[in-house]
Amino acid sequence: MKEGEDNNVYLTLGDKNSDAVILKHNLQALKNEKNAVIEETAKALVSIPAALVRMKWQYRREIYAFQVKEEIYGAALAEVITRNPQLKEKILAHIEASYQHILARETATLRLTRKLADGNGRTASVNIVAPDENLPSPAAKKA
Amino acid sequence: MIPESLIPARFHISGAEQNTDTAENNADLTQGKMSLDNIAADIFAAPVRHGQSRNMLLEERDRHIKDRLFRAVKIEAFARVLNDLQWEGELDNQELSQIISEYTDKINEAGNEIWLNLITGEKPTSLFYDFQAE
């Protein structure tokens, strides 16, 4: 049932008029999550240092997958630029424009932040094709 | 919450095709009168006002949310550009797939470097690419 609700939210993303609704919805969910965390830590069932160490490891494991994927795509773009210097300015400008666009959409809807907080934040992937001979494993499906 | 910009400013305005997109985005941003920083105040759990005791667990959580979002946004942006380059025919998809496959192997093999850096926090930026350099 929760899945259905989430799907509705994501499906209406293209509709700018509903941004405010989505933002309100996502912000409330994120506030609820925050309050739950605050309440949980206030109970202090474990010692703070032990909890902090555990938390840091858990976060590192999560970030690791994101960082690997980011590094692969970043390095691939750098390699494309090295091979095609004439595309450098275009590519860098396009990266910035894309970043700005995603940031603006995120500010309008909090879609990514919510997805990530819910733990189902699979990020976009590059469409890759199989090479003629040996099949490589699909790139960076972890994050 | 996360950086306003990813690429050094000298690269922002190049290629006429980008101009319309950028203009639209700017309009969006100003109309919204909202920034992620404003929103962050609602999402972050650690108290930011003076006089309140620090809570390291909550601070760690907030820091993680920022870090994770920044990385996710970068992945989304990079994936979009790589896919667009293929669409536009600037890049042969066989060649791109081969590049990605190559770096997937290389970076996974160097996973220990990433782990080590996550523990030490020595280098705050990426380890295997750098768009800041000239």
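**Starting from one residue**

Mentor: Let's begin with B:Leu36. B:Leu36 has 19 C-beta neighbours inside 10 Å, so it counts as partly exposed. Keep in mind that this is a predicted model.

Trainee: Why is B:Leu36 partly exposed and not buried?
Mentor: Buried needs 20 or more other C-beta atoms within 10 Å, and exposed means 12 or fewer. B:Leu36 has 19, so it falls in between.

Trainee: Where is B:Leu36 found?
Mentor: In helix H2 of chain B, which covers residues 36-43.

Trainee: What is B:Leu36 in contact with, neighbours within four places in sequence aside?
Mentor: Residues of both chains. From chain A, there are A:Glu106 and A:Thr107. From chain B, there are B:Met1 and B:Ile2.

Trainee: And how are B:Leu36 and B:Gly121 separated?
Mentor: They are 85 residues apart along the chain. Their C-alpha atoms are separated by 24 Å.

Trainee: Let's zoom out. What does the secondary structure of chain B come to?
Mentor: Five helices and zero strands. From the N terminus on, the elements run α-α-α-α-α.

Trainee: How much of chain B counts as buried?
Mentor: 27% of its 134 residues. As for contacts in chain B with a separation of 6 or more, 44% are between residues 24 or more positions apart.

Trainee: What about H3(B)? How does its span compare with what it should be?
Mentor: It agrees. H3(B) takes in residues 56-87, 32 residues in total, so at 1.5 Å a residue it should span 46 Å. Its end C-alpha atoms are 46 Å apart.

Trainee: What comes just after H3(B)?
Mentor: B:Gly89, with a positive phi of about 80°.

Trainee: Which residues in H2(A) are buried?
Mentor: A:Ile22, A:Leu23, A:Asn26, A:Leu30 and A:Lys34. H2(A) has 25 residues and reaches 36 Å from first C-alpha to last, close to the 36 Å expected.

Trainee: Now helix against helix. How do the axes of H4(A) and H3(B) cross?
Mentor: At roughly 130°, coming within 9 Å. H4(A) passes H3(B) in a right-handed crossing.

Trainee: Which residues meet there, in H4(A) and H3(B)?
Mentor: From H4(A), they include A:Ile91, A:Ile95, A:Tyr99 and A:Glu106. From H3(B), they include B:Val73, B:Phe78, B:Arg80 and B:Asp84. By class, this contact has nine nonpolar, two polar and four charged residues.

Trainee: And at what angle do H3(A) and H4(B) pack?
Mentor: About 130°, with their axes 9 Å apart. H3(A) and H4(B) are therefore oblique to each other. Their crossing is right-handed.

Trainee: Which residues in H3(A) meet H4(B)?
Mentor: Among them are A:Val68, A:Glu71, A:Ile72 and A:Val80. On the H4(B) side, B:Ile99, B:Tyr103 and B:Asn108 are included. By class, the contact of H3(A) with H4(B) has nine nonpolar, two polar and two charged residues.

Note on methods: Residues are numbered from 1 along each chain as its sequence is written. Chains are lettered from A and ligands numbered from 1 in the order in which they are written. This is a predicted model: local features need pLDDT of at least 70, side-chain atom pairs count only at pLDDT 80 or more; totals for chains, interfaces and linings use all residues. Helices (H or I, at least four residues) and strands (E, at least two) are DSSP runs, numbered from the N terminus. The expected span of a helix is 1.5 Å times one less than its number of residues. Two residues are in contact if their C-beta atoms, placed from the backbone, lie within 7 Å. Axes are lines fitted to C-alpha atoms, for helices over the stretch in contact, and angles run from 0 to 180 degrees between N-to-C directions. A crossing is left-handed if the near helix is turned anticlockwise from the far one by less than a right angle, and right-handed if clockwise. Ala, Val, Leu, Ile, Met, Phe, Trp, Tyr, Cys and Pro count as nonpolar, Asp, Glu, Lys and Arg as charged, and the others, Gly among them, as polar. Angles under 35 degrees count as roughly parallel, over 145 as roughly antiparallel, 65 to 115 as roughly perpendicular and the rest as oblique.
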